Amino acid sequence: MSRNGPFQPSIAPCNSRPAAPGRAPFCGLSPRTLARFLGLDILEEQYAFASDSVTGYTSAQKIPDHWVATTCGYCSVGCGMHIGVKDGRAVSVRGDEQHKANFGKLCPKGLSEHYTLEAENRLRYPVLRRKGRLERIGWDDALDVMARQFQGVQDRHGPQSLGVISTGQLVTEEFYTLGKLVQLGLGTSNFCGNTTLCMATAVAGYKRSFGSDGPPGAYEDLEKADVVFLIGANIAENHPILFHRLEKNPNRTLIVADPRVTKTAMMADVFLPLKPRSDLALVNGIAHILVKNGLIDRTYIDRHTTGFAEFERFVEKYTPEFVSAITGLDQEQIYRTALLFGHAKAAFIGWTMGVNHSTKGTETVNAIVNLSLITGNVGRAGAAPFSITGQCNAMGTREAGFTSSMPGYRKFESRKDREDLAALWNIDPARIPTARGLAYPDIIEAAVARKIRALWVIGTNPVVSYPNVDVLRQGLQDLEFLVVQDGYHPSPTTELADLVLPAAIWGEKEGTYTNSERRVSKVNKAVEPPGEARSDMDIFLALARRLGSYDELFPGWTGPRDAFDEWKRVSSGRLCDYSGMTYELLEAHGGIQWPFPAGSSPAKTSRLYADGRFETADGKARIWCADWEPFPEQPDSQFPFTLNTGRTVEHWHTRTKTGNVPILEHLSPRAWVEMNPSDAKRLRMKPHEKVDILSRRGCVEMVELRVTETVAPGQIFMPFHFAEWNVNQVTQSAFDPISREPNYKQCAVRVQKAGTL
Amino acid sequence: MTLPLIRRAKEDGITFLLTPKTKTSGLHQITALAPAPRIPLTPPAPGEQYRFHFDMTKCIGCKCCVVACNEQNGNPAAINWRRVGEIEGGWYPYTHRLYLSMGCNHCVEPSCLIGCPTEAFTKDSATGIVQHDANMCIGCQYCTWNCSYGVPQYNAARGVVGKCDMCYGRLSKGQEPACVFACPEGAITIETVDIAAWKMEYELTANAPGLPSASDSLSTTRITLPDRLPPDTARVDGYNVKPEPPHWPLVFMLVLTQLSVGAFATIWLLHVLHAKAHLHLGAVAAFVVGALALGASVLHLGRPVYAWRAAKMWKRSWLSREVLVFTLFAVVASGYAALLWQASPAGALLGALTSAFGLLGVTCSAFIYLVPARPAWNSRRTIAEFHLTGAILGPLFVAAAGVTANPSLLRFAACAAALQIVNQAFKFFDMIRAERCEMQASAKLLSSTLKNQVLLRATLLVAGVMIPLLVRNAAGAALGLVFALTAEILGRYLFFVSVVPKNMASAYHVSEAA
């Protein structure tokens, strides 16, 4: 343990309360200990204050030697921030007042992000499994073993027997490099990312409706819309800085649809407490009222969409009576929502995981986009169907990665796109796959079926985050070789690995992130990675050298700038056009939104499809008829509760980072499960009691019960951050047929007192 | 003194704080770069002070303020000078979960300051900010018992208390306090308040569900509540009652000083009644016990070497008074013991003085605990409990020390023990009958988690006074004293751990280590 930050007082207290943690007995008698015991030493140096022109008057140890401008590495809001560096250590952070995403504000995770760099469980050198134990090895050996094992597996079982699961946490330059390395260097297309657990549904929905991925709106729309309709999105908890942007809009009417009374729901002007997974019916019901009452934009529909005539007939059946029965909402509430939406001058619809984590997710996205299209609420200030993304650079992997589409939103199916790309890369077009490889859940199922024999997991922790996790654990254990590349070890996933590569994380490397509003922001290196850890870019290039593909794919590359320069050329002329950007421009303007073709001036907020021309073949957006269906696993007498999963503001994903930030752990130390008082009374359960949650697939034991009216009777809610109480032991293997995103949000469970199993 | 807010703000280049609030006009104008000023632009006038305003309707419970405060002050994770609590009410889907963000309330009548035995606390005359000086603090933690909101927190690593000072150092330079600056929703601001007017109206806007009454110390924080709160809105942490720390040095200090005082009073009574006894031996032994007790008390301090400072604020602090009176007691008692040794005739007079100082000292001890912030302590039964401990242990000690074999001593101790048990029973009934949730929580602790200790204490006490009555020899007396002493130590332990302090509502899930 080498941390000597403020959370680790160097002198242990001698006469503290017995309850105080870290208390050392009064035995050591160094002069400092004695001085402390007597009360002569009150750690004045550690608790001193000082004044600084940037921070103002503050704790002296938080005042850095210099600041490094960067972008937050947690969520996709993409807040600009500065890391304060003192003696080579990150000692503080502050929001960037010039950055156009957050204007100086940060959430509690961002405010304490510097602690993630010095977490005790940062991996400092590569480790290889030998005789069952992970032992330290050198980088050269590690990469040799990795290349040899991958090639061995591919020789024996075919090139597609290697799978790669990446993340939304790397910089765009690394995603771009990794895509080429995997598809062309390693020669497998079984390449996907944890973004499939998160945003794949929005991607698939946008592609179907607009012909391309790419959220059309901007955060500024939250400030300009007169109706903001949030569906399955708890932004007050999960994107607090977006809520901050929303709160700047004094004229908005906020409508929130959510089965749980979330923080966001409590702030709403109209709250629609709909039944789980009835969102699609609600959205169709709103469309029904809009169509019936002529609250639609005929001109826009005629000029810029196809499929409306069929849609008009389709929504006939979504009468308020019908929708009311499905959603549990009053007809009056449905009418009111539809009328507010229909009469809005600028209506914004935002959604997150409530919509995406569903077997009907993609179609629900299409239905949401329908609402915007038929009312002409696309491409104008304040008007957008807007997917609020999850990870800091999920957008980057969507644009530049090479997983579900080719770099620059190019389509595998399009010969022109393949040839286009091959020409840019100076390779034979035949080397580019004509269809995407396996998606994340299909890679896991192929591993269980022993078709995938080696796996490379980068920057993600599937043993906590994957649904019905025992299936995944089985798949990983059956592999011939599992490589995990991460900043942190041990994690439940690295513990299963044959080889763990230590990666640099946020704050230790350079590149760009793209946020939810297509704003590309610069990410900078503030401190050196710990020990021998290397940036992911470095690792990719080193592996490419061993595979013999470096000179062909990455000639002369040394770092992210090389990748960025090539990516600019590759994205040129595409929807996500980066060609006018430079690192210097990004830094000077607080991030720049794409499209940004060469010669553009970094001016104001941009929106996609302002001209009504979409990325489809005919240039028109497609209106889809998406029929509601009940969620797959309905509660029954054995498993009477519907389990909902989600987040808390203090933690990020599987807590590999935030679990090591003392203040966040202090504020949210344990998992819990929320249950309505009427259910708790019936089951004779008391607040804070430990309960077990069981499904047909597994059990989460010893979870602290929270009895609260924020959940409806018959429903329970549990956060998914905690490996120690992993809710994915009980979630199900049900996936959206189009996007392959898991149905995390609803499954049938039973709750019983702990220990009665 | 004055706070040169405007001048300094310009000097430091932080002129945005001076940007006047502009009215935003609707749909197509964005004023993202011009935050409304969240601190007053001028220092308070005479009769005014600064205060926090917390707008509960804006708070989303993100806890940015907590993180920013800890970063600002370099505090470890377990010490939060600003905290966010939760209150909840209503029925699904008409549920309200609201958040209470609170630093220090910079009270008009700060109970922390009034209790402090040194000059660690000051209420700044210009701003009304209640400040704490770590250098003056001796780590007695008495302020942490006095504040109804749990604001001062003891930092065991430093041996001193710390608290929110409204970022005095920032305010005086025209900078927003860390919490104010960090809040993404603008829910926390600094305002100026007219103290005289506030005294008339504070009850309307200083109180909120989940907060102790603002009347305890005249809190200055103004709280904006939502218009329509569900009628059942209440704190969510009521089910999570944990025992308080036992403060072992204080347990021993209290029981042993009370024993010593009881013993000296007994010796003096025997002295004036001309009983046949070896008084001088008893007096020396009682003095030694008393001195040990006072020594033990020093171990309670975070900074034992500055114990002498504790006598300083005797005009306002019961802790200072206790220190002073017990010091006098120790001086006079040593004199009395010496005179007894020499069988001097002046001894009786000094004995009377010793007993008087002793009883006064025990009374001062008790008054330390009569604080509104700790309802289970805040009763005359505490005074009775402390004196009865002396009345039980004093005679038993004298008997066990072989001073006299007079059985009336033992009968007196037995009566005192009976009264002690009755006193405890009444204390328990008080708790059950009380409306305050803290009192009921104390009763719940005593009747559940601490039930065995309560029964053991009573049993040991009965045994302690009965054994010497039944076994009339030195061994019986000694055994009785050991039992009764253990009973009273256990009793004082229960006194400390079973008190449930008033505090602001906490979050539902609190860290175990806090």
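Predicted model: local features only at pLDDT ≥ 70, side-chain atom pairs only at ≥ 80, totals over all residues.
Colleague: What makes Leu279(B) and Phe287(B) count as buried?

Modeller: A buried residue has 20 or more other C-beta atoms within 10 Å of its own. Leu279(B) and Phe287(B) are buried, so each meets that cut-off. Other buried residues of α9(B) include Gly282(B), Val289(B), Leu294(B) and His300(B).

Colleague: Which helices do the buried residues of α9(B) pack against?

Modeller: Three parts of chain B: α8 (248-272), α10 (318-341) and α12 (380-400). Over the whole chain, buried residues make up 55% of the 514 residues.

Colleague: Why are β4(A) and β5(A) called paired?

Modeller: Pairing needs at least two bridges found by DSSP. Six bridges join β4 (residues 80-86) of chain A to β5(A), so the pair qualifies. The two strands run antiparallel.

Colleague: What makes β3 and β5 of chain A edge strands?

Modeller: The open sheet has three strands in the order β3-β4-β5 (chain A), with antiparallel pairing. β3 (66-71) and β5 (89-95) each pair on one side only. Neighbouring strands of this sheet are turned by 30 degrees against each other on average, direction ignored.

Colleague: How do you know that domain 1 and domain 2 of chain B touch?

Modeller: Contact means C-beta atoms, placed from the backbone, within 7 Å. By that test, 19 residues of domain 1 of chain B are in contact with 19 residues of domain 2 of chain B. On the domain 1 side, α3 (111-115) and α4 (142-146) of chain B each supply at least two residues. By class, that side has 10 nonpolar, seven polar and two charged residues. The bounds are 39-235 for domain 1 and 248-497 for domain 2. Their centres, taken over C-alpha atoms, are separated by 38 Å.

Colleague: How many residues does each chain bring to the contact between chain A and chain B?

Modeller: Chain A brings 76 residues and chain B brings 65 residues. Helix α8 (residues 240-247) of chain A gives the most to the chain A side, with five residues.

Note on methods:
Residues numbered from 1 in each chain as written. Chains lettered and ligands numbered in written order. Buried ≥ 20, exposed ≤ 12 C-beta atoms within 10 Å, placed from the backbone. Contact = placed C-beta atoms within 7 Å. Helix = DSSP H or I, 4+ residues; strand = E, 2+ residues; numbered from the N terminus. Axes fitted to C-alpha atoms, helices over the stretch in contact; angles between N-to-C directions. Domains from an automatic or database assignment. Nonpolar A, V, L, I, M, F, W, Y, C, P; charged D, E, K, R; others polar.
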